[in-house]
Amino acid sequence: MKKVFIVIVCFLLSCGWSNAQDFSGPINPDPNVKIGKLANGMSYYLRANKKPEKRIEFQLAVNAGSVQENDDQQGLAHFTEHMGFNGIKGYPGNSMISELQKIGVSFGVHSNAYTSFDRTVYMVQIPSDNPKNIKLGLDILYGWATAMIMDNKEIDDERGVISEEWRMGQGADDRMMQLWLPKVLANSRFAERLPIGKIDIIRNFNHQTIKDFYKDWYRPDLQAIIIVGDINVAEMEKQIIAKFGKIKPLKNPRPLIKYAIEGNEKPVVAICTDPEAMGNTVLIARKFSHFVMKTVEDYRTNMIYELYNIMYDSRLSEYQQDPKTPFLGAGVGYFSFIGPLDVYGAQIAAKENKILESIAFIMKEDARVLRYGFLDSELKRAKEELLNNYEEKAKEVDKTESIQFVRSYVEHFLAGDPIPGAKREFTYAKKYLETITLKDINAMAKEWITQQNLVALITAPEKEGVKVPSEDEVLKLIFQTDFSNLEPYIDNYKEQEVIDIENLVSGKVVDKKDIPEIDAQEWTLSNGIKVFLKKTDYKKEEITFAAISNGGLSLYEEKDLPSAFFASNFIDRAGIGELNYSALEKKLKGKKMSLSPSITPINESLIGVTTPKDVEFFFQYVNAFFTNVRHDENVYDLVINETKEQMKMILANPTYRFFAAFFKEVSHDDPYQKNQLTFTDEYVDQANYERAFEIYKERFANPADFTFFFVGSFDEQMMENLLSKYVASLPVTDQKEVYNKAAFKDYPATQAVKDLYLGMDEKSWVGISYEAPYAWNAKNNMIITEIGEALEIEALETIREKMGGVYSPMLNMSFEKDPFEKYNLFIMFSCAPDNVTKLTDAVLDILKSFAEKGPKAETLSKVKEQLIKGHETSLESNTWWRNAINTNYFNGVEWSQMNNFNERVTSVTNEDIVNFMKTYFVLNQYIKVTMYPENKK
């Protein structure tokens with residue numbers, strides 16, 4: 001031990017650390033967060049942060065969850081969470097939600113909560129532009145912490161909502177979990193206390209029972225207030241002390257037991273099947289106590305874990321590019337599992353009838369790592385990737401969203417995770433990463449890959465033709481497989497460029513136009529390509545990109561569509577130039593970027609994101625997608641086989657089959673609007689690799705038919721140089737294209753009603769769709785937006801809060817100009833089969849009311865405030881700006897319209913909505929698809 005200490009000290013001195021922070025020292029919290037504790041035991045975390053502007057994140061973390069429930073309280077930790085939105089001091093019933101909506105806070109988006117085994121966390125994001133809002137935020141936190149009303153009628157009304165949340169979770173996964181959880185977590189409180197609880201208790205518990213849970217566990221010594229955003233920390237601390245300091249500690253509180261999860265001397269194998277299981281999943285895990293970083297040295301250990309995981313997953317990604325690999329996807333590494341438990345595990349999505357082969361494959365790779373370890377080249381790339389991750393976080397610390405800080409402070413309070421801050425973490429990474437050797441990494445394999453505390457969990461479909469291994473077969477494979485002839489892993493990667501840089505003939509920027517309305521520029525390159533650029537400082541390390549051209553699938557005959565649908569996927573999975581997919585992944589290690597091609601019904605595009613540091617390679621990558629795509633027939637089997645395996649999963653699940661049937665009806669089974677939900681094996685088999693490759697080349701043949709968009713943090717001179725070299729050099733033609741409107745089918749002209757009978761559970765789904773042409777203009781577009789937002793609010797109030805018939809209705813109303821000027825309205829919800837008719841009628845009655853008199857005045861006022869507040873936040877997003885600029889450009893919208901959003905929001909009246917509904921909305925012309933259980937047929 002002394003020798004190790006001396007080596008560490010010598011290293012620190014050699015690195016030039018004067019005030020030597022030794023490895024054994026504690027990890028000090030970030031000095032930018034104010035951490036305190038009140039006399040009653042309540043903790044608080046406060047931090048000033050400007051991202052997003054004029055917003056404050058308020059959260060309450062409670063160190064209690066479902067494992068604290070008594071036998072007659074199972075489900076009441078989660079029920080208590082719901083009651084936090086059904087009456088707190090000063091805001092009875094749903095008035096808190098209503099007050100939040102009035103200041104632009106959307107329920108479920110900006111105000112929410114969750115319950116887990118050992119925690120309950122409440123959250124609300126408040127606009128800070130009015131001191132009254134801050135008071136409201138503090139009142140809400142106070143109400144959650146100690147002043148829930150727990151009105152008996154509100155409790156009874158909420159039983160229906162939670163019953164529907166329970167119902168939504170019913171299905172194959174839940175049925176199988178009820179079987180494997182007691183085996184995998186045997187003799188553990190966690191196996192007996194799922195947060196959703198028991199439905200009989202939820203529906204029948206005595207009112208006092210939930211009030212007892214609230215009294216026992218919602219107490220200051222088990223709570224932390226976290227407030228981050230546009231605040232004065234000193235002033236906020238005074239308010240916290242004054243308001244929350246008066247909460248009295250509970251006398252003779254119940255002890256908080258930190259329940260353990262025992263190991264298992266003998267291997268545990270759990271095999272569960274179900275007729276509706278979505279595919280074959282495997283977990284091979286060894287249990288370990290949760291690793292908590294307490295000292296600086298622990299950070300170095302954690303980096304060893306991270307490097308190991310990166311290198312192992314990189315190998316698996318490489319293997320997955322072989323169509324013969326027995327699994328669709330797999331991940332191996334050390335990770336947090338549940339509560340106090342970590343695992344070293346393999347998570348595998350096995351192909352049909354390939355479960356044993358998948359297990360053997362991972363065991364073989366485990367054995368390879370044990371025997372030969374990793375390679376220097378793998379470690380080098382993993383270090384580059386990990387260091388880049390730490391560096392980016394450090395550079396972006398001033399642009400980090402408040403919610404990211406809040407989440408880390410919640411984990412600090414509840415789990416003891418360190419919060420040194422991104423800059424200090426980057427310092428750790430720079431100092432310690434170079435000291436980590438292959439010996440350190442490979443030692444982890446010997447510690448983790450053992451036969452102790454081993455668990456094997458398998459879930460699979462129960463259907464004809466599917467072979468599921470027995471417990472004996474799994475154990476025999478684990479204990480008797482011989483890997484004595486195993487060969488070491490070979491890294492075949494060779495550094496090479498994605499394009500021929502030396503022979504590029506640069507062009508230049510020939511014209512620049514300012515667009516003052518949006519603080520952007522339009523450049524024209526010497527080869528005719530148009531480029532829009534908007535420089536921002538929303539993030540220091542982000543440049544978003546899109547290149548878009550009209551045309552798409554609509555230009556092809558129906559017989560070519562299967563090939564066309566897969567064309568961009570084939571190209572993406574092939575790699576680029578001389579680099580196959582695996583080699584490209586290795587080249588991208590240590591770089592922060594993504595770039596993918598896409599062909600939609602009406603256009604083709606490249607969409608991506610990168611950083612200023614990596615932007616030159618990003619430009620090379622963009623160039624390659626036009627000039628140097630990789631032809632590799634092997635990806636045909638890879639992509640097609642993966643697609644078919646995924647389709648099997650979809651077809652096994654009744655809910656996905658309902659979605660498929662609904663969207664098939666909505667699209668009128670238009671062949672140009674197919675997606676994976678509506679594919680068949682026969683359709684997929686019609687895809688031809690050579691034709692798909694040809695279609696891609698045709699779609700991307702003329703870069704001058706594309707318009708390029710860049711939004712983010714960049715140097716203009718650098719962008720001009722890179723555009724001149726890599727984009728202005730692209731060969732172009734005179735060919736210009738538009739999409740083919742005649743290719744698309746119209747929406748059904750009459751009402752269509754269809755009933756399906758699917759699934760074993762007492763669960764229904766309802767899907768309602770409206771679609772119609774309208775006059776596309778700024779006024780009507782805003783009316784549509786406000787109708788959709790108002791419908792969402794009133795549907796939630798009616799069918800969830802008043803009727804208790806649903807958990808979370810899904811509603812979306814949108815509009816489009818191309819290929820046709822039309823609006824779309826989708827409404828979907830899950831419910832009890834017996835409630836289908838009355839809930840559907842209630843939704844249709846809301847629409848009828850809108851057509852006759854519009855939404856309630858209070859609803860419309862809430863909608864306007866929500867839209868304005870949401871737009872304020874959107875304006876700080878590079879991705880939002882990129883999408884807004886390209887959408888307005890292709891739609892021919894005046895740039896000035898992007899500056900009058902608030903005026904357009906406030907100008908919409910109730911009369912406008914009624915007139916729109918009367919002009920364009922036919923109430924009885926809709927598509928309705930309803931799913932009932934099979935036993936209702």
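This report describes selected strands, helices, ring pairs and side-chain contacts of a predicted model.

Residues are numbered from 1 along each chain as its sequence is written. Because the model is predicted, local features need pLDDT of at least 70 and side-chain atom pairs count only at pLDDT 80 or more, while totals for chains, interfaces and linings use all residues; side-chain values use heavy atoms, with hydrogens and water left out.

**Strands**

Helices (H or I, at least four residues) and strands (E, at least two) are DSSP runs, numbered from the N terminus. Two strands pair if DSSP finds at least two bridges between them. Buried means under 20% relative accessible area, exposed over 50%, and partly exposed in between (1.4 Å probe, protein chains only).

Strand β13 covers residues 454-461, and eight of its eight residues are buried, so β13 is largely enclosed by the rest of the structure. One side of β13 carries Leu454, Ala456, Ile458 and Ala460, and the other carries Val455, Leu457, Thr459 and Pro461; both faces are covered. Strand β9 (residues 268-274) pairs with β13 in the parallel sense over seven bridges, with valine 268 as the bridge partner of valine 455. Strand β10 (residues 280-289) pairs with β13 in the antiparallel sense over six bridges, and here valine 282 stands opposite isoleucine 458.

Another antiparallel pair is formed by β23 (residues 810-816) and β24 (residues 822-831), joined by seven bridges. These two strands make a hairpin with five residues between them. Methionine 810 has methionine 828 in β24 as its bridge partner.

The expected span of a helix is 1.5 Å times one less than its number of residues. Helix α12 (residues 376-395) has 20 residues, and its end C-alpha atoms are 28 Å apart, which agrees with the 28 Å that it should span. Contact means heavy atoms within 4.5 Å.

Helix α10 has 24 residues and reaches 36 Å from its first C-alpha to its last, close to the 34 Å expected. In α10, 19 of the 24 residues are buried, so this helix is largely enclosed by the rest of the structure.

**Aromatic rings and charges over rings**

Rings of Phe, Tyr and Trp (its six-membered ring) pair if their centres lie within 6.5 Å; planes under 30 degrees apart count as stacked, over 60 as edge-to-face and the rest as tilted. By this rule the count comes to 69 aromatic pairs. Two of them are set out below.

| Ring pair | Centre distance | Plane angle | Class |
|---|---|---|---|
| Tyrosine 428 and tyrosine 432 | 5.8 Å | 10° | stacked |
| Phenylalanine 566 and phenylalanine 679 | 5.8 Å | 40° | tilted |

Tyrosine 428 and tyrosine 432 lie in helix α14 (residues 422-432), four residues apart, about one turn of the helix. Both tyrosine 428 and tyrosine 432 are buried. Phenylalanine 566 lies in helix α17 (residues 561-574) and phenylalanine 679 in the loop between α21 (654-666) and α22 (681-685), so their pair ties together parts that are 113 residues apart in sequence. Phenylalanine 566 is buried at 4% relative accessible area, and phenylalanine 679 counts as buried at 12%.

Ring pairs also link Phe288, Phe291, Tyr305, Tyr308, Tyr312, Tyr334, Tyr344, Phe374 and Trp448 into a cluster.

A charge sits over a ring if NZ of Lys or CZ of Arg is within 6 Å of the ring centre and within 35 degrees of the ring normal. The charged end of lysine 243 sits over the ring of tyrosine 142, 5.2 Å from its centre. Lysine 534 lies over the face of tryptophan 881, at 4.4 Å from the ring centre.

Serine 128 is placed in the loop between β7 (120-127) and α4 (131-146). Serine 128 is buried, with a relative accessible area of 12%. Leaving out residues up to four places away in sequence, serine 128 touches Lys54, Arg55, Ile56 and Asp230. The side chains of serine 128 and aspartate 230 make a polar contact of 2.9 Å.

Glutamate 801 is in helix α25 (residues 778-802) and counts as buried at 17% relative accessibility. The side chain of glutamate 801 makes a polar contact of 2.9 Å with that of arginine 800. Beyond four places in sequence, glutamate 801 touches Asn86, Asn94, Glu158 and Leu796.

Conventions:
Polar contact = N/O pair within 3.5 Å; in protein donor to acceptor, adjacent residues only side chain to side chain.
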